[in-house]
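Me: Could you walk me through this structure, one piece at a time?

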Amino acid sequence: MDIIRLNRVVPQIFSNREDLSGDIWGKDFSFERGKRYLINASSGTGKSTLCSYLYGQRGDYQGTILFDNNDISTLSTNQWCEIRQQSISHLFQDLKLFGELTALQNVEIKNNITHSKSQSEILALFEELGISDKIDTRIDRISFGQQQRVALIRALCQPYSFLLLDEPISHLDDANSEIMRTIIERDAKAKGAGIIATSIGKHINFDYDLCLNL
Amino acid sequence: MSKSITLIWQLLRKHISIFELAIFFIANLIGMVVILAGVQIYSDLKPLLSGEEAIIGNDYIVVTHPVKRVGINATSFSNDDIEELQNQEFVKSVGRFTSSQFEVDGSIVFGGRRLSTMLFFESIPDEFIDAIPDTWGFTEGDTTIPIILPRNYLNLYNFGFSSTQKLPQITETMVKSVNLGIELSGNGHTNEFTGRVAGFSDRINTILVPEAFMSWANGYYANVATDFPTRLILEVANPSDPNLMEFLEANDYVLESKPAESGKALFILKVCVAIIVVIGVIFSLLSIIILTLSIHLLLQKNITKLETLTLIGYTPSRVAMPYNALTLALNGAILILSLAVIFVAQNIYSDYLSQLDGITISSSPIASIVVGVALTALITAFNIFVINRKIKEISRKR
């Protein structure tokens, strides 16, 4: 997948609003593979909504979204599963980790279906992110900042053309944000992928090609 | 693959209710055992009630045309009548009564006096005779004619006639040892034969001689090869079949003898088995409903996890896998357990029957295995269908 096109996409709940002045809603816009985008917005303007449209979680919008030239509203459940395994990776704002599994198991449950990274590569990422001591700890027993890092490792355990980062460093200090940035940059570069990051202020320090407002 | 199943299983087993599964397990086990017991009992007992070694054979009925007035009635059956009967679904085979077309004079020397009477003979094909005596048969040149008498003739004498006339009662063996003088005449021939009562019949209400004798004698003394029969014997599967009764009525045929009560055993067995199987099916249906509800509830409790799994790229069929495996394991265990119960039960009742009456059941458990496997496959397929549909519904939710 090389390009994501949004043609006059407006969330249905915003359809009566006349004051949509941002760069995306109601406009024609494209995300290209290999580029980095930062979407800046105050809360309630639809950052996560945009992510959920691009990830097939929700379809309550007007307009069309195209992956390459395919209208995503026509994709089947299995096609979405394929896209989620191969083309788009998503670091969810609410992480969507499994509380009863350990940190490592949460990563493995993804890697088991993609076979994208070796065990040692995964352990190296834990090490790099400073949470190697939490590998066998249940995910609901560690802090949200640590969980964010586990969720990142899981998000990287697959091939992708685009990486969606929904407020990825909301609970991280600057040092850890920097480590995360390095890892993401390295992984995305190796995959030639585009990055779409959202932020409500504190944003991850990529060398962005484009900063957008919602 | 197996590693991912282990992890999903660890995730999804959480809300599994042992209580609900136990209820399903017990209900379905009962249903399965009841159904299989019905099938097995039916397949074990059916050969005893029908077929070659039947203890209670098929039913035989004798039909005639009604005699409506004094004189000669048109009471014979044409070839068309016979063919029509033979083509009926409820008629297994048709036998013709052939009557003697010559004069028969029977005599017996009893207490120094010679009693003689005019007689007639009839014959039917051997396969319709209930008990064929060892001495049955005739070849041209024989001077002895074996005869089968209806057992109720003897009863009539012993319990009706002799007691009131102060005559001695006689046994079957005595009757069999008596020589009857038989004089046959017709077509310019007259010959003496010896008649011997070879056996008694509960089924055939006439003086029977072997068919071979009859066809020879009718040719020799009457110079007729065949005559249209006035009585027919029918072998039927179920004498109480309403279709049979309707047919007889429509054609104005008269049933000569009411079918024997014992012949209804097979019919009763079929009804009992049907009732048992219906009860079993109801149990199984209820258990399937319980399992379906239980699975729905389980999926509903795990809905967030299921959604998340599909969000990280798990296909609905992969998510369904542990649940499918669970139902397969449950249903497989039920099948094995219920078959074990049936085998034990079969051993017990076949032992009991063989002690009771020397009846040996040669039936194999194939019938219940086939039905059990088929039912399990059906139930499992339905469960898996329900699971997959529900998971697809969850993963489609947007």
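**Starting with a helix in chain A**

Reply: Let us begin with helix 6 of chain A, whose buried residues are covered by elements that include helix 5 (144-156), strand 7 (162-166) and strand 8 (194-199) of chain A. Please keep in mind throughout that this is a predicted model.

Me: ok, and which residues of helix 6 of chain A are buried?

Reply: The buried residues in helix 6 of chain A are M180(A), I184(A), D187(A) and A188(A). Around the axis they cover an arc of only 95 degrees, and therefore they sit on the same side of helix 6 of chain A.

Me: why would residues a few places apart end up pointing the same way?

Reply: An α-helix has 3.6 residues a turn, so residues three or four places apart point the same way.

Me: and what does the face turned away from the buried side of helix 6 of chain A carry?

Reply: That face of helix 6 of chain A carries exposed residues, namely D174(A), A175(A), T182(A), R186(A), K189(A) and A190(A).

Me: how far apart are the end C-alpha atoms of helix 6 of chain A?

Reply: Helix 6 of chain A covers residues 174-191, which is 18 residues, and at 1.5 Å a residue these should span 26 Å; the end C-alpha atoms are 26 Å apart, so the expectation and the model agree. After helix 6 of chain A comes G192(A), which has a positive phi near 60 degrees.

Me: zooming out, how many helices and strands does chain A have?

Reply: Chain A has 6 helices and 9 strands, and 42% of its 214 residues are buried. If you take the contacts in chain A with a separation of 6 or more, residues 24 or more positions apart account for 78% of them.

Me: in what order do the strands of the 4-strand open sheet in chain A come?

Reply: The order in that open sheet of chain A is 2-1-4-5, and the pairing is antiparallel. The edge strands are strand 2 (28-32) and strand 5 (70-71) of chain A, each of which pairs on one side only. Strand 5 of chain A is joined to strand 4 (residues 61-67) of chain A by 2 bridges in the antiparallel sense, and there L66(A) stands opposite D71(A) in strand 5.

Me: switching to chain B, how many helices and strands are there?

Reply: Chain B has 11 helices and 11 strands, and of its 398 residues 29% count as buried. For contacts in chain B with a separation of 6 or more, 82% are between residues 24 or more positions apart.

Me: what is the strand order in the 5-strand open sheet of chain B?

Reply: The order in chain B is 5-4-8-9-7, and the pairing in this open sheet is mixed. Its edge strands are strand 5 (113-119) and strand 7 (144-150) of chain B, each pairing on one side only, and the twist averages 35 degrees from one strand to the next.

Me: can you take the pairs in turn, and say how many bridges join strand 4 of chain B to strand 5 of chain B?

Reply: There are 7 bridges between strand 4 and strand 5 of chain B, which run antiparallel, and I108(B) has L115(B) in strand 5 as its bridge partner. Strand 4 (residues 103-110) of chain B also pairs with strand 8 (residues 179-186) of chain B, in the antiparallel sense over 5 bridges, where the bridge partner of G106(B) is I182(B). Strand 8 of chain B is joined in turn to strand 9 (residues 189-201) of chain B by 8 bridges, again antiparallel, and G181(B) has T194(B) in strand 9 as its bridge partner.

Me: what about the hairpin of strand 8 and strand 9 of chain B, how many residues are between the strands?

Reply: That hairpin of chain B has 2 residues between the strands, and N187(B) takes a positive phi near 55 degrees there.

Me: which strands does helix 4 of chain B lie across?

Reply: Helix 4 (residues 151-165) of chain B lies across strand 7 and strand 9 of chain B, and runs at about 70 degrees to strand 7. Helix 6 (residues 211-222) of chain B packs on the sheet as well, touching strand 7, strand 8 and strand 9 of chain B, with its direction at about 45 degrees to that of strand 8.

Me: last topic, how many residues of chain A are in contact with chain B?

Reply: In chain A 19 residues are in contact with 19 residues of chain B. Helix 2 (77-86) and helix 3 (103-114) of chain A each supply at least two residues of the side that touches chain B, and helix 3 of chain A gives the largest share, 6 residues. By class, that side of chain A has 5 nonpolar, 8 polar and 6 charged residues.

Conventions:
Residues are numbered from 1 along each chain as its sequence is written. Chains are lettered from A and ligands numbered from 1 in the order in which they are written. This is a predicted model: local features need pLDDT of at least 70, side-chain atom pairs count only at pLDDT 80 or more; totals for chains, interfaces and linings use all residues. Two strands pair if DSSP finds at least two bridges between them. Axes are lines fitted to C-alpha atoms, for helices over the stretch in contact, and angles run from 0 to 180 degrees between N-to-C directions. Two residues are in contact if their C-beta atoms, placed from the backbone, lie within 7 Å. A residue is buried if 20 or more other C-beta atoms lie within 10 Å of its own, exposed if 12 or fewer, and partly exposed in between; C-beta atoms are placed from the backbone. The expected span of a helix is 1.5 Å times one less than its number of residues. The arc is that of the directions from the helix axis to the C-beta atoms. Ala, Val, Leu, Ile, Met, Phe, Trp, Tyr, Cys and Pro count as nonpolar, Asp, Glu, Lys and Arg as charged, and the others, Gly among them, as polar.
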